[in-house]
Amino acid sequence: YVLPVALVGWIWAAFNIYRTKRVDLGVVTFFFVLIASLCEQRYGFTRGVKLALCVSSVLVAGNYSLVIAFWQQIEKHLAKKKSMLWLNIFRCYCVSGMLFWVCVAAKSYVRGGAGFAGMK
């Protein structure tokens, strides 16, 4: 169920790299979610897929949390070019993105029974 969301995030990150000529870690983190999701479609919800979905979702959440952790510096830099409304929307987007991917990791962890014991 996260494949379309991860695909949009990956395309968006790739577009940002093309447009700004700067690194966007979303290209890497969303790629891991894409691979894990494709493996789930191919092999089913195995122990390895569960682990991959949990880890890759935490990586995406971590990527969003970087914006929150460094918000003061980011805000100072972007305030020169962007409106306060844009900055507030962007910060809300990053917080909600982080929370969404933490929930995906948690949901992946409890799917098929909590933990990894007893899975193939």
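## Secondary structure and overall dimensions

The secondary structure of the chain amounts to five helices and zero strands, and from the N terminus the elements follow the order α-α-α-α-α; helices (H or I, at least four residues) and strands (E, at least two) are DSSP runs, numbered from the N terminus. This is a predicted model, in which local features need pLDDT of at least 70 and side-chain atom pairs count only at pLDDT 80 or more, while totals for chains, interfaces and linings use all residues. Residues are numbered from 1 along each chain as its sequence is written, and side-chain values use heavy atoms, with hydrogens and water left out.

Taken along the principal axes, the box filled by the C-alpha atoms of the chain is roughly 55 × 25 × 15 Å. The accessible surface of the chain is about 7800 Å², and 71% of this belongs to carbon and sulfur atoms, with areas coming from the Shrake-Rupley method with a 1.4 Å probe. Of the 120 residues in the chain, 29% are buried, where buried means under 20% relative accessible area, exposed over 50%, and partly exposed in between (1.4 Å probe, protein chains only). Among contacts (heavy atoms within 4.5 Å) between residues at least 6 apart in sequence, 70% join residues at least 24 apart.

## Packing of α2 against α3

Helix α2 (residues 26-43) packs on α3 at an angle of about 160°, and their axes are 9 Å apart. That angle makes α2 roughly antiparallel to α3, given that angles under 35 degrees count as roughly parallel, over 145 as roughly antiparallel, 65 to 115 as roughly perpendicular and the rest as oblique. The axes are lines fitted to C-alpha atoms, for helices over the stretch in contact, and angles run from 0 to 180 degrees between N-to-C directions. The crossing of α2 and α3 is left-handed, a term that applies if the near helix is turned anticlockwise from the far one by less than a right angle.

On the α2 side the contact includes Phe 30, Val 33 and Ala 36, and on the α3 side Leu 53, Val 60 and Asn 63 are among the residues involved. By class, the contact of α2 with α3 has 11 nonpolar, six polar and one charged residues; Ala, Val, Leu, Ile, Met, Phe, Trp, Tyr, Cys and Pro count as nonpolar, Asp, Glu, Lys and Arg as charged, and the others, Gly among them, as polar.

## Packing of α3 against α5

Helix α3 (residues 47-69) and helix α5 (residues 84-110) also meet at about 160°, with axes 8 Å apart, so that α3 is roughly antiparallel to α5. Their crossing is left-handed. The contact draws on residues including Leu 53, Val 60 and Tyr 64 of α3 and Tyr 93, Met 98 and Trp 101 of α5, and by class it has 18 nonpolar, four polar and one charged residues.

## Individual residues

Val 33, in helix α2, is buried, with a relative accessible area of 0%. Leaving aside residues up to four places away in sequence, Val 33 touches Val 2, Ala 6, Ser 56, Ser 57, Val 60 and Trp 101.

Asn 63 belongs to helix α3 and, at 17% relative accessibility, counts as buried; with residues up to four places away in sequence not counted, Asn 63 touches Asp 24, Leu 25, Gly 26 and Thr 29. Tyr 93, in helix α5, is partly exposed, with a relative accessible area of 40%.
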